[in-house]
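Reader: I'd like to go through how the labels on this one were assigned. Can you take me from the values to the words?

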Amino acid sequence: MGLSAEERARYQRQLNLPEIGLSGQQRLKAARVLVIGAGGLGCPAALYLAAAGIGTLGLVDFDRVELSNLHRQVLFASADVGRLKVEAARERLLALNPDIVIRAHALTLGTDNVRQIIGAYDIVLDGSDRLTTRYLVNDACVLLGKPLVTAAIHRFEGQAMTYLPGQGPCYRCLFPSVPEGAVGSCADAGVLGVLPGVLGALQASEAVKLASGAGEPLVGRLLTYDALTVTFAELPVSRRADCRVCGEQADIRAPEDSGVGSASEGLEPARRLSATGLKVLLAAGKANGAPLVLIDVRESWEFAARHLEGARNIPLGQLERRIAELAPDDAPIFICRSGGRSLAACALARRAGIIAPGHLEGGLLAWAEHVDPDFALGFE
Amino acid sequence: MSCTVRIPSPLRSYTRGAQRVEAEGTTLAQVLASLEARFAGIRFRVVDEQERIRPHIRLYVNTREAGALAAPVAAGDTVHVICALSGG
């Protein structure tokens, strides 16, 4: 695949690198790279991949741009709020580099479409914010023999690893499963805006290396980064003989989103209360002398900053151990900041035999928006 | 004997935000017990009721992965507690 005079000028600094050179740049042009999630990780990764001359760049995201995305999702401008992310991203990336092809996939990846989407690409970058998607994408990459560069972030910390088919551990080797509610989402826990910039750029760097054939990929090594202390650590990861998808007795034959539920993904039904609905129930409970059992599952420092009157604090991470503090027929209502952790708490309580647990949909943010505008959480 | 334990972001609410803490012990089990004594509840986030390291947690002594709580820890070692992250 030849390069035009303009392309040679555009990529001159990269062509000057002996590790890339003309043949490497031609390989980049021929490469098809898929970025899953146009979020904090996907945005910087896609910018660098487009700039580097990856010939075909796919983006998967079903979501629309929100104002709260803009502190880290650097593909988008204020005027893009409300637009489909993949559409706004395509425009921005083509403005940066009109010589490449951008494919926008405005959809949710699932077991029904993941093979078809990933099958059309050579390299996959996972920047999704759902654990179920991480397992699904991993399985698809293992089964289809596609390299996968995965990264994840939380508050000030990030981690990244590259999977190469047949050569190293996959994501299920790294973390065989993740219990529901064990890991907080960025929406609940917060994230430093520049953090995914570091990790997303690392993912792009890995993809450029894989596509061009330069250097040594991050295979069998987990890279962790702590922005607060500027600490990188590189830790070895081995293939697991008992891995369900790449192990010796693998039993996963088709991509699965099994084995997890993140804090924001309640997998079991729960009573969902709106903020105004909860207000009515609280008043009724107070009037008839049977106050509601309100359990605030945020961390203790969040609870200390502000909480609803009468609420008790059992952080989600302690709930399993302290579930005996609740009677089976308490019908507790779980509360958190935005409704993710409380939904996970419902599922956990139900498994522990608590009858009819409920949660405040939208969390205390919804309470502040719809019931009590003076209820400031104090850390936003 | 004292070692340094690096705490992953999702567990820092137990250590009042500290990213690195000191702990005592000559095995991982003792180090985790030492942590628990100071930061109640943290051990259960790392080890389950059957004393197994949880599947979304990995423990390293320096850069050596520890598959069991009996793994030795020497003075001056760094124990890395790695936790799966989900944010993107």
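Reader: Where is Leu281(A) found, and what makes it count as partly exposed?

Author: Leu281(A) sits in helix α11 (residues 275-287) of chain A. Keep in mind that this is a predicted model. Leu281(A) has 15 C-beta neighbours inside 10 Å. Buried takes 20 or more and exposed takes 12 or fewer, so a count of 15 makes Leu281(A) partly exposed.

Reader: Which residues is Leu281(A) in contact with, leaving aside its neighbours within four places in sequence?

Author: Those are Leu273(A) and Leu292(A). The test is C-beta atoms within 7 Å. As for C-alpha atoms, those of Leu281(A) and Pro291(A) are separated by 8.9 Å, with the two residues 10 apart along the chain.

Reader: What does Asp226(A) touch, not counting residues up to four places away in sequence?

Author: In chain A, Asp226(A) touches Phe156(A), Glu157(A) and Thr231(A), and it also touches Gln19(B). The C-alpha atoms of Asp226(A) and Arg155(A) are separated by 9.4 Å, and those residues are 71 apart along the chain.

Reader: How many residues of chain A are in contact with chain B, and which elements give two or more of them?

Author: 42 residues of chain A are in contact with 21 residues of chain B. On the chain A side, β5, β6, β7 (221-226), β8 (231-236) and α13 (316-319) each give two or more residues. That side divides into 20 nonpolar, 15 polar and seven charged residues.

Reader: What makes you say α7(A) is mostly covered?

Author: 12 of its 14 residues are buried, including Leu131(A), Tyr135(A) and Val142(A). The buried residues of α7(A) pack against β1 (32-36), α6 (114-119), β4 (123-126), β5 (148-154), β6 (157-163) and α8 (171-174) of chain A.

Reader: How do you know that the span of helix α7 is close to what's expected?

Author: Helix α7 (residues 131-144) of chain A reaches 20 Å from its first C-alpha to its last, and 20 Å is what's expected at 1.5 Å a residue. Just after α7(A), Gly145(A) takes a positive phi of about 70 degrees.

Reader: Over to chain B. Why are β2 and β4 of chain B said to stand at the edges?

Author: Five strands form an open sheet in the order β2-β1-β5-β3-β4 (chain B), with mixed pairing. β2 (20-24) and β4 (64-66) of chain B each have a single partner strand, so one side of each is left without a neighbour in the sheet. From one strand to the next, the twist averages 30 degrees.

Reader: What makes β1 and β5 of chain B a pair?

Author: Bridges. Strand β1 (residues 2-6) of chain B is joined to strand β5 (residues 78-83) of chain B by three bridges, so the two strands qualify, and they run parallel.

Note on methods
Residues numbered from 1 in each chain as written. Chains lettered and ligands numbered in written order. Predicted model: local features only at pLDDT ≥ 70, side-chain atom pairs only at ≥ 80, totals over all residues. Helix = DSSP H or I, 4+ residues; strand = E, 2+ residues; numbered from the N terminus. Expected span 1.5 Å × (residues − 1). Nonpolar A, V, L, I, M, F, W, Y, C, P; charged D, E, K, R; others polar. Axes fitted to C-alpha atoms, helices over the stretch in contact; angles between N-to-C directions.
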